[in-house]
Amino acid sequence: MLNTILPILLFAALALAVIGAAKRFFMWRRGRPAKVDWIGGLLKMPNRYLVDLHHVVERDKYMSKTHVATAGGFVLAAVLAIVVHGFGLHNRILGFALLAATVLMFVGALFVAKRRLDPPARLSKGPWMRLPKSLLMFAASFFIATLPVAGILPENFGGWVMAIILAVGVAWGVSELFFGMTWGGPMKHAFAGALHLAWHRRAERFGGGRSTGLKALDLDDPKAPLGVEKPTDFTWNQLLGFDACVQCGKCEAMCPAFAAGQPLNPKKLIQDMVIGLAGGNDAKFAGSPYPGKPLGEHSGGPHQPIVDLGGKALVDAETLWSCTTCRACVEECPMMIEHVDAIVDMRRHLTLEKGATPNKGAEVLDNLIATDNPGGFNPGGRLNWAADLNLPLLADKKETDVLFWVGDGAFDMRNQRTLRAFVKILKAADVDFAVLGLEERDSGDVARRLGDEATFQHLAKRNIATLAKYSFKRIVSCDPHSFHVLKNEYGALGGNYQVLHHSTFIEELVRKGSLNVGQSKATSVTYHDPCYLGRYNGEYEAPRAVLKAIGIEVKEMERSGFRSRCCGGGGGAPITDIPGKQRIPDMRMVDIKETGAELVAVGCPQCTAMLEGVVAPRPEIKDIAELVAEVLIEATEVAAKRPNAKREVAEAQ
């Protein structure tokens with residue numbers, strides 16, 4: 001009897017799964033076209049799953065081992081179950097293999113069940129709470145049903161009663177894991193996730209690569225939407241990526257805006273995009289809501305605006321403006337979903353089509369257009385901070401080794417100290433450098449993060465045209481935001497350059513012996529990783545190497561490196577200024593104080609401004625360039641010491 005029921009259940013579930021897969025695929029395809037490597041992506045998918053994806057999952061050792069056992073056991077058990085029970089190939093060797101696979105899956109499912117007994121707040125509850133039971137039922141049912149195949153029990157063991165019990169168990173497990181995989185449910189991420197890896201929007205992220213620059217809009221195409229207004233304005237593989245979300249909440253746990261009580265939860269945002277594509281409301285969302293935003297009041301559809309400035313739609317505008325674009329969510333996501341891309345795409349529509357940039361956003365964008373800097377300062381004052389430094393201008397030299405990109409920190413008195421310190425370092429190392437002076441314009445970073453792609457491209461193209469007039473080998477900047485934009489986002493507009501952050505350049509000078517440095521007197525120092533240097537560009541070691549070279553041992557914060565907490569200064573957040581229960585820089589200062597450090601080394605003017613904005617008492621904040629400049633040994637000092645050294649050697653002889 002069981003030999004008749006099991007094939008029917010298996011193939012019925014598979015047929016329904018195939019129908020569901022087709023329906024889901026065509027649902028994703030409602031999005032805008034995107035070029036993908038259809039066959040190549042599918043062929044690369046196993047490696048991306050087993051290497052790239054698992055590398056991220058491996059950060060959580062408990063879940064990594066659980067995932068290997070559960071997912072690996074399920075895939076093997078499902079294939080063998082179809083062969084053995086579906087096609088009736090009752091071979092003892094295959095039977096024992098299926099028994100081993102179900103045992104492996106059962107053990108993994110026990111760990112899943114253990115995690116769900118007292119789940120972390122970040123995990124979604126609801127339907128996800130039944131997943132361990134379904135996994136256990138699938139594994140146990142097929143284990144018992146396979147015992148006769150392996151010759152451990154007689155073929156008709158238990159009679160029709162056992163057959164019915166096992167049929168119910170198999171139906172339960174199969175419906176959740178096969179049928180639910182494509183029609184919706186906790187296992188949906190397995191199907192969508194596999195295809196998401198195959199046709200990922202940023203395929204260059206795989207194989208150890210890095211891709212963090214925002215995608216440019218084609219402003220010359222009158223038919224191209226200016227950003228994303230409704231779910232179907234996303235590219236279809238972005239929609240596929242949203243559907244791959246496993247609702248683990250790791251993005252939520254790392255989001256600085258969510259922790260600060262601002263109305264953003266990156267996990268819910270991704271789920272809202274899925275809701276919008278399918279149509280419905282967020283009443284059944286089983287995770288944490290946006291802080292201060294109750295569930296059940298927001299709804300949408302595939303062709304309805306995601307944000308309705310006049311009332312309740314799928315997402316409130318302030319949710320999008322709460323994001324600091326720090327990429328902590330993207331870095332932590334085990335499904336490699338691109339949250340920041342989606343947020344900026346939606347901001348673009350609000351800014352370009354609606355003119356709805358909040359608080360000082362419109363003023364800043366107007367300033368960028370009128371004065372080429374966000375503060376609205378007179379462009380003629382860009383070099384006032386260096387009036388006594390006799391900086392070489394590239395317009396005079398025409399050619400140089402290093403172009404020092406000053407950035408809009410030139411108008412900020414606090415950052416001017418950093419710029420002067422770096423100039424001192426460049427001169428001490430006898431670097432052939434120059435600045436653009438009054439020819440330099442804002443890099444466009446702020447405009448782009450605020451969604452004003454038109455202003456960004458205008459500024460970028462002007463800068464690219466200026467740079468094309470001169471010859472230089474490298475660009476160096478003290479600002480990670482300018483560094484990132486010049487390095488990773490100007491290329492799409494024709495500006496391809498070798499760009500370094502000043503900490504990387506200083507480390508190079510120290511390593512080559514071009515700088516003579518002494519030992520810092522700072523004894524208790526921690527280092528804050530800027531988001532746009534670390535998570536965006538993978539530079540964590542150079543700043544620490546520089547600090548070590550001047551005798552500073554860094555007292556690391558609990559959240560450092562790729563898990564560093566944002567200072568709150570990125571993505572135009574200080575401009576849009578969405579209120580929460582606390583300030584992000586205040587939370588970062590708590591991290592800092594826990595180390596007991598008396599000084600914080602930084603490498604970003606935004607981070608300096610945000611951390612120095614924390615009410616005292618607090619540790620002192622200094623840029624790496626300032627710390628190095630303080631311990632520079634001038635050439636005259638070195639020369640003066642050399643004869644003494646020779647005389648001491650002679651006297652010893």
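Are Phe-138 and Phe-178 buried or exposed? Select the two of them to begin: both Phe-138 and Phe-178 are buried, where buried means under 20% relative accessible area, exposed over 50%, and partly exposed in between, with a 1.4 Å probe and protein chains only.

Before going on, note that this is a predicted model, in which local features need pLDDT of at least 70 and side-chain atom pairs count only at pLDDT 80 or more, while totals for chains, interfaces and linings use all residues. Residues are numbered from 1 along each chain as its sequence is written, and side-chain values use heavy atoms, with hydrogens and water left out.

Phe-138 and Phe-142 are four residues apart in helix α5 (residues 131–146), so about one helical turn separates them; helices (H or I, at least four residues) and strands (E, at least two) are DSSP runs, numbered from the N terminus.

Next, select Lys-230, in the loop between α7 (188–198) and α8 (236–243), where this residue is partly exposed at 24% relative accessibility. If you also show His-303, 73 residues away along the chain, you will find the two C-alpha atoms separated by 5.7 Å.
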